[in-house]
Amino acid sequence: TQEDATSALQTLPSQAVAAANNAVVLSPKDVRTLLNAAGTYQSLLPFTADALKLAADAYAKAIALDPTNPQVRFDLGRMYVDEAVLHKQRAGNEKASEETKAKEKEAMKKALENAEKYLKEALDLKPDFAPAHFHLATIRAEQGNKEEALKELDTAAVLNARLAPLRSADESLFYLTGLAYASLDEKDRASSAFKAAFTLRPNYA
């Protein structure tokens, strides 16, 4: 029945959290287990109040165990980008009070600052980390700094292009970069990025 389906969906977040918690209990010093758990918690940000803290704690433990791994700090930074997106959506809710909108905007600002911190730490460890440059660009754009956003997007595109001869370039990153350029009204740059994506995967969609 519809009620049974609804009830099942409502229990999924708690079940996912319990499974992730159990995995961490069994392997508390395994970085991959911690990252998988953090990813699970992160996916529940819109649904579970404790998801942000659980994910941040898991990432922090992973960083302590593997402090020179840029991917861990990148993933943590990206989590805060996701948090910022949620706050932006809530701030844009027409039914929300002005007080609530103000609180959500402030929370979004804080989330972007956290994201910037960890993305920069990832780049300190790996300066040619193209996805980190891309996400920094989205932060700069959200902050209204078009010049810095374009700088980071250009860097991400150049670094990704260098991997093309090795067949290691990320077509999705080219595509996302194209969308970001388009949002900044940079049509020529957007076109170049889209062409790069379609060159790597002609059926990309």
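What follows is a short chat about a predicted model of a protein.

User: How many helices and strands does the secondary structure come to?

Analyst: This is a predicted model, and its secondary structure comes to nine helices and zero strands. From the N terminus on, the elements run α-α-α-α-α-α-α-α-α.

User: What does the C-alpha trace span along its principal axes?

Analyst: The C-alpha trace spans about 50 × 45 × 40 Å. The protein has 205 residues, and 39% of them count as buried.

User: And what share of contacts join residues at least 24 apart?

Analyst: That share is 54%, taken among contacts between residues at least 6 apart in sequence.

User: What pLDDT does the protein average?

Analyst: The average pLDDT is 89, and 91% of the residues score at least 70. Residues 1-9 have a pLDDT below 50, and this stretch has zero contacts in the model beyond near neighbours in sequence. Where pLDDT is low, the predicted coordinates should not be read in detail.

User: OK, on to α1. Is Val24 buried or exposed?

Analyst: Val24 lies in helix α1, which covers residues 2-26. Val24 counts as buried because its relative accessibility is 15%, and the cut-off for buried is under 20%.

User: Which residues is Val24 in contact with?

Analyst: Leaving aside neighbours within four places in sequence, Val24 is in contact with Thr33, Leu34 and Ala37. Among the buried residues of α2 are Thr33, Leu34 and Ala37. As for Thr100, it is 76 residues from Val24 along the chain, and their C-alpha atoms are separated by 35 Å.

User: How many residues does α2 have?

Analyst: Helix α2 (residues 31-43) has 13 residues. From its first C-alpha to its last, α2 reaches 18 Å, close to the 18 Å expected at 1.5 Å a residue. Its buried residues also include Val31, Leu35, Ala38, Tyr41 and Gln42.

User: What about Asn36, what is its relative accessible area?

Analyst: Asn36 is found in helix α2. Its relative accessible area is 45%, so Asn36 is partly exposed. Asn36 and Gln71 are 35 residues apart in sequence, and 13 Å apart in space from C-alpha to C-alpha.

User: Switching to α5. How many residues does α5 have, and what does it reach?

Analyst: Helix α5 runs over residues 98-125, has 28 residues and reaches 41 Å from its first C-alpha to its last. That is close to the 40 Å expected at 1.5 Å a residue.

User: Which residues of α5 are buried?

Analyst: Among them are Lys101, Glu104, Met108, Ala111, Leu112, Ala115, Tyr118, Leu119 and Ala122. An α-helix has 3.6 residues a turn, so residues three or four places apart point the same way.

User: What covers the buried residues of α5?

Analyst: The cover includes α4 (70-91) and α6.

User: And what covers the buried residues of α6?

Analyst: For α6, the cover includes α4, α5, α7 and α8. The buried residues of α6 are Ala130, Ala132, His133, Phe134, His135, Leu136, Ala137, Ile139 and Arg140. This helix has 13 residues and reaches 19 Å from its first C-alpha to its last, close to the 18 Å expected at 1.5 Å a residue. Just after α6, Gly144 takes a positive phi of about 85°.

User: Why does His133 count as buried?

Analyst: His133 counts as buried because its relative accessibility is 10%, and buried means under 20%.

User: Which residues does His133 touch?

Analyst: Not counting residues up to four places away in sequence, His133 touches Leu123, Pro127, Glu152, Thr155, Ala156 and Leu159. One of these, Leu123, is a buried residue of α5.

User: What volume does the largest pocket have?

Analyst: The largest pocket has a volume of about 170 Å³. Twelve residues line it, and Lys126, Asp128, Ala130, Leu159 and Leu163 lie nearest its centre. The elements that give two or more residues to the lining are α6 (130-142) and α7 (146-162). The largest share, three residues, comes from α7.

User: How many nonpolar, polar and charged residues are in that lining?

Analyst: The lining has six nonpolar, two polar and four charged residues.

User: Last one. Where does Asp185 lie?

Analyst: Asp185 lies in the loop between α8 (171-183) and α9 (187-200). Its phi is near 65°, a positive value in a residue other than glycine. At 54% relative accessibility, Asp185 counts as exposed.

Key. Residues are numbered from 1 along each chain as its sequence is written. This is a predicted model: local features need pLDDT of at least 70, side-chain atom pairs count only at pLDDT 80 or more; totals for chains, interfaces and linings use all residues. Side-chain values use heavy atoms; hydrogens and water are left out. On a 1 Å grid over the protein atoms alone, a cavity is a set of points where a 1.4 Å probe fits but cannot get out, and a pocket is an open set with protein on both sides within 12 Å along at least five of seven lines; lining residues have an atom within 4 Å of a point. Grid points are joined across faces, edges and corners, and a volume is the space filled by probe spheres set on the points. Helices (H or I, at least four residues) and strands (E, at least two) are DSSP runs, numbered from the N terminus. Ala, Val, Leu, Ile, Met, Phe, Trp, Tyr, Cys and Pro count as nonpolar, Asp, Glu, Lys and Arg as charged, and the others, Gly among them, as polar. pLDDT is the predictor's confidence in each residue, from 0 to 100. Contact means heavy atoms within 4.5 Å. The expected span of a helix is 1.5 Å times one less than its number of residues. Buried means under 20% relative accessible area, exposed over 50%, partly exposed in between (1.4 Å probe, protein chains only).
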